[in-house]
Protein chains: 2
Amino acid sequence: MPKHVDPEARRRLVVDALFRVVVRDGLQRTSLRAVAAEAELNIGSLRHYFASQHDLMQFAMESMIDRVSSRLLTHLDRIGDLGRHPRTEQLRLTADLLAELLPLDEERRAEVAVFVDFNAAARTNPTFGALSRKAATGTRRLVRGVLTRLAATGTLHPDLDLVLETERLSALLDGLGLTAVLHPDVLGPQACVDVLATHLGGLSLPGESPRTTR
Amino acid sequence: MPKHVDPEARRRLVVDALFRVVVRDGLQRTSLRAVAAEAELNIGSLRHYFASQHDLMQFAMESMIDRVSSRLLTHLDRIGDLGRHPRTEQLRLTADLLAELLPLDEERRAEVAVFVDFNAAARTNPTFGALSRKAATGTRRLVRGVLTRLAATGTLHPDLDLVLETERLSALLDGLGLTAVLHPDVLGPQACVDVLATHLGGLSLPGESPRTTR
DNA sequence: TCCGTTGTATCACAGGCGTGATAGAAAGGC
DNA sequence: GCCTTTCTATCACGCCTGTGATACAACGGA
């Protein structure tokens with residue numbers, strides 16, 4: 001039987017409101033009252049679903065990480081076996097996959113914006129410490145994975161240090177996302193994908209010059 | 001005649017205290033009272049030198065940018081004419097220069113930590129907006145400059161898009177700094193310089209494999 | 001010596017914050 | 001019908017914030 005309210009849906013509603021507040025006003029100004037107002041909920045109701053600010057923040061950031069990583073997994077499934085595609089196609093598919101982490105549309109822009117505030121806060125706020133670390137190692141595992149698969153099919157330049165290249169590509173993605181969110185006029189979406197495509201092209205055997213779809 | 005107190009020295013003292021608080025507690029918790037306590041100054045005295053919190057923050061961030069950019073200029077002077085060095089040396093010198101932006105020691109670690117918080121805040125706090133932009137374009141001008149000089153002496157691979165490569169290297173530096181500050185166990189100082197050196201090596205003509213000094 | 005500038009110190013206020021406590025309303029099983 | 005659980009709503013408390021106002025000390029030139 002359906003309850004009058006679905007608690008899980010309520011929490012999603014609150015978390016969505018929180019993201020909007022963070023994107024608009026910054027994590028600093030994201031108070032319980034502000035989130036409640038944004039969700040058009042009474043602060044008392046909000047506190048019925050989240051015992052404390054700490055709980056709300058933690059749950060919200062977990063949701064964010066889950067959302068991004070599930071999208072990445074979906075994208076990975078869609079690609080399927082990388083070896084079945086021609087080499088230039090492999091690079092394009094890989095670029096498209098990694099571009100999920102870049103602020104190329106409003107949805108991803110909001111995600112990266114939240115991510116920037118969240119990571120900065122994690123440096124000094126133990127609430128986020130573990131989650132920030134999980135996110136960092138997660139992207140590194142993903143990057144490491146795609147590089148390994150590309151190397152296995154012989155698409156990559158053979159004598160690459162994959163550990164080092166994982167760090168290099170991860171840092172590049174982090175940096176692109178950061179600048180694209182902070183200064184969209186300095187680094188627009190098209191420039192992002194160009195840089196990413198160039199980087200992947202540089203890792204591959206000569207003659208491959210991929211281009212990502214929009 | 002020397003006044004009893006030097007106002008400029010006083011301000012430097014306050015700004016240094018502010019940096020310590022930001023590094024330790026985060027920008028979020030950097031209140032006037034906290035800074036005054038760290039500087040062992042009365043909040044009244046502090047307010048005598050800075051009319052408002054806005055002024056203090058702005059002045060502090062300007063000081064930070066000045067500090068880094070003057071260090072970069074000094075380093076540039078020390079290098080002198082790049083063309084007089086052999087090619088591998090050119091790459092090493094360039095890597096050392098750009099490494100001024102990476103958290104390789106405690107001093108630079110503090111700078112980058114402040115920078116992370118400051119940039120995140122700049123996204124939603126108009127106090128920092130212009131300065132954050134200035135910092136971003138500043139590093140891009142520097143990167144663009146060194147790449148141009150390397151290209152002029154024929155050290156770089158000839159058919160590089162320098163605009164694109166400027167963004168790529170800038171993003172790499174941003175990303176390395178961010179991760180090295182947030183997760184020093186994931187990305188240590190040595191890994192930072194290795195990645196940077198590899199990247200520069202990839203931009204250069206074949207056969208050049210630089211290695212930076214510690 | 002007097003006086004104006006500069007620096008130091010303190011109080012008070014209004015506003016925002018998270019949170020404990022509590023009171024009612026609404027809903028669903030019996 | 002009643003009773004328990006779930007949900008909504010509001011009050012009050014203590015804490016911290018930036019800032020205006022103000023008083024007082026200390027110095028330097030006249």
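Which residues in helix 1 of chain B meet helix 4 of chain B? In this predicted model, local features need pLDDT of at least 70 and side-chain atom pairs count only at pLDDT 80 or more, while totals for chains, interfaces and linings use all residues. Residues are numbered from 1 along each chain as its sequence is written, and chains are lettered from A, with ligands numbered from 1, in the order in which they are written.

On the helix 1 side of chain B they are B:R11, B:V15 and B:L18, and their partners in helix 4 of chain B are B:L56, B:F59, B:A60 and B:S63. Contact here asks that two C-beta atoms, placed from the backbone, lie within 7 Å. Helices (H or I, at least four residues) and strands (E, at least two) are DSSP runs, numbered from the N terminus. Sorted by class, this contact holds 5 nonpolar, 1 polar and 1 charged residues. Nonpolar covers Ala, Val, Leu, Ile, Met, Phe, Trp, Tyr, Cys and Pro, charged covers Asp, Glu, Lys and Arg, and the others, Gly among them, are polar.

Helix 1 (residues 7-25) and helix 4 (residues 53-79) of chain B cross at about 90°, with axes 10 Å apart. Axes are lines fitted to C-alpha atoms, for helices over the stretch in contact, and angles run from 0 to 180 degrees between N-to-C directions. The two helices of chain B are therefore roughly perpendicular, a label for angles of 65 to 115 degrees.

Now for chain A, which has 9 helices and 0 strands. Its C-alpha trace spans about 60 × 45 × 30 Å along the principal axes. Of the 214 residues in chain A, 42% are buried, that is, have 20 or more other C-beta atoms within 10 Å of their own, with C-beta atoms placed from the backbone. Among contacts in chain A with a separation of 6 or more, 64% join residues 24 or more positions apart.

Where the chains touch, chain B gives 40 residues and chain A gives 40 residues. On the chain B side, helix 6 (106-122), helix 7 (126-152), helix 8 (162-182) and helix 9 (189-203) each supply at least two residues. Helix 8 of chain B brings the largest share, 14 residues. That side of chain B divides into 18 nonpolar, 14 polar and 8 charged residues.

Helix 8 (residues 162-182) of chain A packs against helix 8 of chain B at about 100°, with axes 6 Å apart, so this pair is roughly perpendicular. Their contact includes A:L172, A:L173 and A:L176 from chain A, and B:L172, B:L173 and B:L176 from chain B.

Definitions and conventions. Angles under 35 degrees count as roughly parallel, over 145 as roughly antiparallel, 65 to 115 as roughly perpendicular and the rest as oblique. A residue is buried if 20 or more other C-beta atoms lie within 10 Å of its own, exposed if 12 or fewer, and partly exposed in between; C-beta atoms are placed from the backbone.
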